[in-house]
Amino acid sequence: MKVTVIGGHGKIALLTARILAGRGDEVTSVIRNPEHVPDVAATGALALVLDVEAATATELAEAFAGSDAIVWSAGAGGGNPDRTYAVDRDAAIRSMNAAELAGIKRYVMVSFLTADTEHLVPLDDPFYPYMAAKIAADEHLRAGALDYTILGPGALTLQEPSRLLDPAPDVSGDTGTSRGNVALAIAAALDDPSTIGRTINFTDGTVPVALAIAAAGG
């Protein structure tokens, strides 16, 4: 499988690229900073320097050409509401439109556990721009024609991956989720057609990743 990972220097993306390349997939990781090329290359992926915040849908489609699947794992990183909307919402939506332009059906979005209006914080909350941007991007993806999977991990940690998930998490409890487990979930979702058209929320848990993803997708 040929997979393009957007946001390729992020912690989850680097782990994902290593997993996918290690099993024989052809991975292209899209990054903004050319200084990050060596880090991407060390995963076994090919680094493509392209600023997705500035790129048009046509430019993105050209970059995606030949891919079998797109993985969105990019983010503005918070702090600047305008840039959060520009990356987490607008660029994400352009990447979906670009996938359609390029004739690529499979698209995996890394979102977060409570990315829905039910849990949306008030406008004056600093977390509001991120939540609103991600919710809008997810809704656009659901409304489009792509074979999507939306992954909603809980609060991200740097713990070693346990390879175990909870596919029915309690959002009021401990939602800690290893970034390594998220990377494994991305790989599992790409392998499992039953996850197409699904939003799969999870945290670290007790169910092996592939089984948890299949259970949530089925």
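The legends below describe close-up views of a predicted model.

**View 1. The largest nonpolar core of the model.** This core has 30 residues, and Leu151, Ile186, Leu190 and Ile213 have the most contacts inside it. Two or more residues each come from β1 (2-6), α1 (11-22), β2 (26-31), β4 (69-72), β5 (106-110), α6 (179-191), β10 (198-204) and α7 (209-217). The largest share, eight residues, is given by α6. In soluble globular proteins, nonpolar side chains tend to be buried together.

**View 2. The buried face of α1.** Ile12, Ala13, Thr16, Ala17, Leu20 and Ala21 are the buried residues of this helix. Seen down the axis of α1, they fall within an arc of 150 degrees, so they line one face of the helix. An α-helix has 3.6 residues a turn, so residues three or four places apart point the same way. The cover over the buried residues of α1 includes β1, β2, β7 (156-157) and α6.

**View 3. Span and end of α1.** The twelve residues of α1 should span 16 Å at 1.5 Å a residue, and the end C-alpha atoms are 17 Å apart, which agrees. Gly24 follows α1 and has a positive phi, near 105 degrees.

How values were computed
Residues numbered from 1 in each chain as written. Predicted model: local features only at pLDDT ≥ 70, side-chain atom pairs only at ≥ 80, totals over all residues. Heavy atoms only, no water. Core = buried A, V, L, I, M, F, W, Y, C linked by side-chain atoms within 4.5 Å. Buried < 20%, exposed > 50% of the residue type's maximum accessible area, 1.4 Å probe, protein only. Helix = DSSP H or I, 4+ residues; strand = E, 2+ residues; numbered from the N terminus. Expected span 1.5 Å × (residues − 1). Arc of directions from axis to C-beta. Contact = heavy atoms within 4.5 Å.
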